Amino acid sequence: MMRFSQEKSSKAMEELDFERGVCFPFRKYTPETVRENVLGSRGAVFSLFGRGVEILSKLGIYWITLFYDRLVGRGLEIVPLRAEQLRNLLCDLGPSFIKSGQVLANRPDIVREDYMNELCILQDDVPSFPNKIAFTIIEEEVGAPLEQIFSKISSETIAAASLGQVYRATLRGSVEEVAIKRPEIEPIIYRDLFLFRTLASFLNGISLEKLGCNAELIVDEFGEKLLEELDYTLEARNIEDFLENFKDDPTVKIPRVYKEFSGSRVLVMEWIDGIRCTDPQAIKEAGICITDFLTVGVSAALRQLLEFGLFHGDPHPGNIFSMRDGRIAYVDFGNVAVLSQQNKQILIDAVVHAVNEDYVEMANDFTRLGFLAPGTDVTPIVPALEAIWQNSVGKGVADFNFRSVTEKFNKLVYQYPIRIPERFSLVIRSLLTQEGICFTLQPDFKFLEVAYPYVAKRLLTDPDPALRERLIQVLFKDGVFQWKRLENLIVLAKEQVAIMSRNPALQEASRQDIGNRRVERKLDLTDTLKDGARVVILDASIRRKLLLALTEDSKLHIQELMDIYRLVEGEFDIPSLAIDLVQRLPVATRDMMLAWSESVLVDR
């Protein structure tokens, strides 16, 4: 029986990896690890029984009140009270349930909106534990008295969360941030995860019917993320990954981590002395243009999502700051979304399909990303997706906002077997939170007006062959070349470079010529034109399409070609382009001859 259970749980984890399109060589969470950790402890049966009784009794009383409300016909007027009671109940049940509430606050496919709003409070307002215990943990983890580590440490917490709390301290004359994990939290977390998964095994049928996946998979996603956040060494590794990703970007500040004073329970990092990102007056007084700062922020978020695949999962106003030199700064890297290369490519595909209004492929993208179970008939979903997108951008890009799209999508979740994967619930929440920050700083802010220039520049300049292919998909719709779309892409990309080049931090990096920092003053299309020329020379179908584009409607489109040239003039290196074409000519001629001879043989 135990062997069967282990095979079943291993299959669930394999399903989770398959859905993500990524394989983890090492993971802190597996159902077997949780089971062994809990059942191998002394008094495990009594502990599980006592905890189970506590959970069932408290939740049972709450569910009885909900049933009574329905029985006596109480309506929406009682919902705010019940939502507040649920939040308090989760706090009473401990860190696992607080974290569950935080997750549910981002799951519109599971929780209704009014309850979600109340559960969001759990993300910022959690009781702290005593300083004495916190300072003892620091001394145990570092192996030295507190006064030998820090010359000064705050007497009150700066912030308190479900799994730990933060202090401000002075280390070697500089001010740093110290995060400390809650005491004796791991046995509680492991015990609760065991109980969650045991209960989930009885709910698989209902979950498959309502959400399109088994309940154990949802618990596995939750457990994996929770145990990652428990270990501060993993957060330190996340910080180092973010530092590596943004090392050449002078517009983004990531704090340094002091690994020699950190461990699994304590994390010491550089203190970020910035301006709270929701204080527009202070940002203006620092001489920073709000629009330019927002452009930097949106670009940084999109780079995380579409380039790096490592995305800050909790960018609330307490975790994002404006530095006085115009940089955007991030803190708290315990909650990150990891996207595989496959996921990133599918997201870019979804953007291309949205631009081309190919809603059938958009629906298929949802299946490939794990929102729909494999084999789901997408036919009834296609009109709903089309309606959402058309209503969102029907009046133009300026009217688009993620909040309205998410609200419409939430309704879709209850009509069709759609489940939002954990990592994408983080992405959605992150985008919504950042859009809310943007609205606070600039009420008339239009997210897509900033995001589109970034996407345009990426499509035009990124050397990734997959993106080159998607650029071709964008430029050809139903086999017809989109002259106006190419012109818009170039204009938007040049706008992105112009706005970013005004950033004070980037200007300072340009003056100092720091290392290999990405200091861009113009839209460099040299590599794009080189690749484009090679594709045109080698790909007969592309050549045919371009010839048709130039002679479409029985006329030569010379004017469109001249308009495009005027836009890109000065944006590429002509000598470098000419040398590359000459160097590639022999190889290109050989490939053309081989392609021609192959076509002749096929015809015969």
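Is valine 72 buried, partly exposed or exposed, and what is its relative accessible area? Valine 72 is partly exposed, at 43%; here buried means under 20% relative accessible area, exposed means over 50%, and partly exposed lies in between (1.4 Å probe, protein chains only).

This is a predicted model, in which local features need pLDDT of at least 70, side-chain atom pairs count only at pLDDT 80 or more, and totals for chains, interfaces and linings use all residues. Residues are numbered from 1 along each chain as its sequence is written, and side-chain values use heavy atoms, with hydrogens and water left out.

**View 1. The whole chain.** Let's start with the overall picture. The protein chain has 27 helices and 13 strands; helices (H or I, at least four residues) and strands (E, at least two) are DSSP runs, numbered from the N terminus. Of its 604 residues, 49% are buried. Its accessible surface (Shrake-Rupley method, 1.4 Å probe; for residues, only the protein chains shown count as cover) is about 29,900 Å², with 58% belonging to carbon and sulfur atoms.

**View 2. Confidence along the chain.** The mean pLDDT, the predictor's confidence in each residue from 0 to 100, is 79 for the protein chain, and 84% of the residues reach 70 or more. Residues 1–6 stay under 50, and the model gives them four contacts (heavy atoms within 4.5 Å) beyond four places in sequence. Residues 18–26 are also below 50, with 19 contacts beyond near neighbours in sequence.

**View 3. A nonpolar patch around valine 72.** Valine 72 sits in the loop between helix H3 (44–71) and helix H4 (79–93). Together, Phe67, Tyr68, Leu71 and Val72 make a nonpolar surface patch of about 440 Å². Patch residues have over 30% relative accessible area and no salt bridge, and nonpolar side chains (Val, Leu, Ile, Met, Phe, Trp, Tyr) are joined within 5 Å, like charges within 9 Å. A salt bridge is a side-chain nitrogen of Lys or Arg within 4 Å of a carboxyl oxygen of Asp or Glu.

**View 4. Strands S4 and S6.** Strand S4 (residues 174–181) runs antiparallel to S6, joined by five bridges; strands pair if DSSP finds at least two bridges between them. Isoleucine 180 stands opposite valine 266 in S6. In S6 (residues 266–270), four of the five residues are buried.

**View 5. An open four-strand sheet.** The strand order is S5-S10-S9-S7, with mixed pairing. S5 (252–253) and S7 (275–276) are at the edges with a single partner strand each, so one side of each has no neighbour in the sheet. S5 runs parallel to S10 (residues 328–330), with two bridges, and lysine 253 stands opposite alanine 329 in S10.
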